[in-house]
Amino acid sequence: MTTFADPKSANPARPSAATGSRPGGRKRGAGRTLHGSRPTYAFLILAVLVSSFPFYYTIVAASRSNADIAKTPPTLIPGPNLLKNFQLALEQADIGKALFNSLIVSGSITVGTVLCSTLAGFAFAKLPFKGRNGLLAFTVGTMMIPPQLGVIPLFMVIAKLEWANQLQAVILPSLVSAFGVFFMRQYIAQSLPDELIEAARVDGASTARILWKIVVPIARPAMAVLGLLTFMTAWNDFFWPIIALSSQEPTVQVALRQLGGGYVQDQSVVMAGTLLGTLPVLVVFGLLGRQIVGGIMHGAVKG
């Protein structure tokens, strides 16, 4: 009997149409391996260098004297005065207490915003109730109101409660964020299938148990993203803390304005204080960096 060999099996080196492989080891389709070109990597390296240069120059200026900063062309090599300028910054302004206050304020606002936004986002996304769409539209609409318009009535409320010059005057007005509610609602609506909630209901799980055992694990990347954004916003806030707090209970941004005083402002001391105020944000970003990238990419990749 004469047999005929399969053309595909006779030539094992032939690319398979199912896998979509190509010469050179590259793949296409699901699970493909992407290789950027040299111009792409060069552009990315250039973008990293440009974006990180301000932080590097902050380190350089914080380690130099005021005369070195004023030189033309400017000095781009770190100097020996970093610890000295740190000490001057701590003496001119109570940076230690300001860092502690900022950690309390930013941490409390972050925890409150993430918790409230997750609860409200789950309710708007998966719990049917009367007026849900209208209430969500009203919540999102509050984002269009400039925060400066509410400063005077907010300060009147704070003064009536006798909270002026106290940290709760900065914490409580920021515990809920309309952006956070909308962000968590969109994430939960896309990431949490209705069938999973229905199956939990059939098994007798309560709403609180569903929230803790199902919603929170699924929404963890989005919660990390929202937590990092909220922490950075609260840490860098200057407008409301300088109104609500005194120089005896400052946050970092309020304390920094007290640095480098005199007829000629000492920019090296200001940069040293700025560097001290930036380090906690870098630590938080290092802890939540992978979560924020994963949370952002979750909605961009489907299939």
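**Exercise 1. Find the residues of the nonpolar surface patch and classify Phe43 as buried or exposed.**

Step 1: Tyr41, Phe43, Leu44, Ile45 and Leu49 make up the patch, and together they have about 560 Å² of accessible area. Accessible areas come from the Shrake-Rupley method with a 1.4 Å probe, and for residues only the protein chains shown count as cover. A patch takes residues with over 30% relative accessible area and no salt bridge, joining nonpolar side chains (Val, Leu, Ile, Met, Phe, Trp, Tyr) within 5 Å and like charges within 9 Å.

Step 2: Phe43 sits in helix H2 (residues 38-62). Helices are DSSP runs (H or I, at least four residues), numbered from the N terminus.

Step 3: With a relative accessible area of 57%, Phe43 is exposed. Buried means under 20%, exposed over 50%, and partly exposed in between (1.4 Å probe, protein chains only).

Remember that this is a predicted model: local features need pLDDT of at least 70, side-chain atom pairs count only at pLDDT 80 or more, and totals for chains, interfaces and linings use all residues. Residues are numbered from 1 along each chain as its sequence is written, and side-chain values use heavy atoms, leaving out hydrogens and water.

**Exercise 2. Work out which residues Asp68 pairs with in salt bridges.**

Step 1: A salt bridge needs a side-chain nitrogen of Lys or Arg within 4 Å of a carboxyl oxygen of Asp or Glu.

Step 2: Arg64 pairs with Asp68 at 3.8 Å, and Lys71 meets Asp68 at 3.4 Å.

Step 3: So what's the picture? Arg64, Asp68 and Lys71 form a network; Asp68 is buried at 17%, while Lys71 is partly exposed at 46%.

Note on methods:
Helix = DSSP H or I, 4+ residues; strand = E, 2+ residues; numbered from the N terminus.
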